[in-house]
Amino acid sequence: NNCACLPGHEKAVHAMNGVYCEQSGTTWSTLIEALATVDPGTPLLLRKGRHQAPSRFNMQVFLTGEAGAELIGPTIMAYGGSLQGLLISSSSLRHGPALELRGDSKIADCVLSNRQGWAKNANNVLTAALRVGSSATATTLLSCTCDGFVLVEGPHTSFRDSTFSGLGGRACVEVCAGVVACTLTGCTLRDHPGAAVLVRRRACVEIVGTSLERCGWSSIECIGGTVTLKASRVLQTSSGSALVVREGGRLECEDCQVHDNASTGAEACGAATQLLIRRSSLRDGASGVGVLCWQEAQADIQETTIDSYPLAGIDVGDGSSPVVVGNTIRKSKTGILVCKGAGGHYKANRISAAERAGIECHSSHEELHVHENKIDGCDIGILFLAGGGGRCAANRVQTCRVGIELRGASSPEGA
């Protein structure tokens, strides 16, 4: 058989106008009947109405839907193929991802929904709208809507011009460990109580021209993987840091807007973790800091605007030594806060309107360099507290109550 069904279940749903094969001119009343007759790879047209899918397609299938055609799953495409113009949903009689891909596939102009799964399972693959299995070596999703989370295990997966939302799982899109390349281009991810994108160890994800909106604990959480974020928007994350990279992961953020989030804009945590930010805008955090780099994580922040975070524009914790060059930092309690045990190179930044200090140093790290910064309109331009040191030279401080203040046993070189 070319399909597998639960006993008697193939009669649970009937199409209004059947299934049509243009090659032979044949019409069948059900998809199950058509699949039992045609050769693998035969294009089929699903007329308007509801069509029961087999629990498993045991051949390559090419299905196109008329307007109003619905494919009732859950179902597995064991040998791949293509689906176009279909609403693909999960039945109340069976549970699982609305669609699971185990062969190379292209899904275009479809809506995938698994609301049935949400009611019975939390943080479980059964709630997925789409699961891309590890044997699906090349998968493309084009101009689709996913109502339910997407689990990516396949090594090469591409999402273009698609929308992701809904409940279930830990993120709109969860990319599993070891995925070689997952790309999201021109997509929208929104309204998930967890993350927009969750990336596991050794997985590589590229996100371009995409909007991540109103998600829960973070918009991007990278745990030991690699994420490249370009020309994208990260908006209104409701609780945790908008961008998070930890446990040896790497996150690159270029030409992006990270705006109006509930807490910190970008956070890097843990040894061997790397955060790179270029030509981006981070602003209007309700709490927290613009960028937090701590617990030996490293960061490289250049040509970026960080505006209106209540605690600090950049907060550097023990063991971290970021490169911070050519940024504009405004309207925080402290522009750059360098905590005890932290180092870093802070050069040619423009810092203004800090309530406490433009740059505040608690560290005497040998690799702490504060050079050629322009600080304007702060209470204190540069503040060294007890134990603060490092190298400080060629900074320009103006219209501040105090230019450079040394407190306690602080002894910066060149101040």
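Student: Are F159 and F164 buried or exposed?

Tutor: F159 is buried, and F164 is buried too. Buried means under 20% relative accessible area, exposed over 50%, and partly exposed in between (1.4 Å probe, protein chains only). Keep in mind that this is a predicted model, where local features need pLDDT of at least 70 and side-chain atom pairs count only at pLDDT 80 or more, while totals for chains, interfaces and linings use all residues. Residues are numbered from 1 along each chain as its sequence is written, and side-chain values use heavy atoms, with hydrogens and water left out.

Student: Got it. How many aromatic pairs does the structure hold?

Tutor: One aromatic pair. The ring centres of F159 and F164 are 5.4 Å apart and their planes are at 80°, so the pair is edge-to-face. Rings of Phe, Tyr and Trp (its six-membered ring) pair if their centres lie within 6.5 Å; planes under 30 degrees apart count as stacked, over 60 as edge-to-face and the rest as tilted.

Student: What is C187 in contact with, leaving aside its neighbours within four places in sequence?

Tutor: Contact means heavy atoms within 4.5 Å. With those neighbours left aside, C187 is in contact with F159, R160, D161, S162, F164, G209, T210 and S211. So both rings of the aromatic pair belong to residues on that list.

Student: And where is C187 found?

Tutor: In the loop between β22 (181–185) and β23 (188–190). Strands (E, at least two residues) and helices (H or I, at least four) are DSSP runs, numbered from the N terminus. C187 has a relative accessible area of 2%, so it is buried.

Student: New topic: how many salt bridges does a search of the whole structure find?

Tutor: The search finds 20. A salt bridge is a side-chain nitrogen of Lys or Arg within 4 Å of a carboxyl oxygen of Asp or Glu.

Student: Which residue forms a salt bridge with E213?

Tutor: R233 does, with the closest N and O atoms 3.5 Å apart. That pair links distant parts of the chain, because E213 sits in strand β26 (residues 211–213) and R233 in strand β29 (residues 233–235), 20 residues apart. E213 counts as buried at 12% relative accessibility, whereas R233 counts as partly exposed at 38%.

Student: Which residues are linked with those two in a network of salt bridges?

Tutor: D191 and R214 are linked with E213 and R233 in a network.

Student: What about E254: which residue does it form a salt bridge with?

Tutor: E254 pairs with R279, and their closest N and O atoms are 3.8 Å apart. E254 is in strand β31 (residues 250–254) and R279 is in the loop between β34 (274–278) and β35 (281–283), so the pair ties together parts 25 residues apart in sequence.

Student: How far apart are the closest N and O atoms of D284 and R283?

Tutor: They are 2.3 Å apart, and the two residues form a salt bridge. D284 is partly exposed, with a relative accessible area of 29%.

Student: Zooming out now, how many helices and strands does the protein chain have?

Tutor: Two helices and 49 strands. The C-alpha atoms fill a box of roughly 85 × 35 × 30 Å, taken along the principal axes.

Student: Last one: what percentage of the residues count as buried?

Tutor: Of the 415 residues in the protein chain, 56% count as buried.
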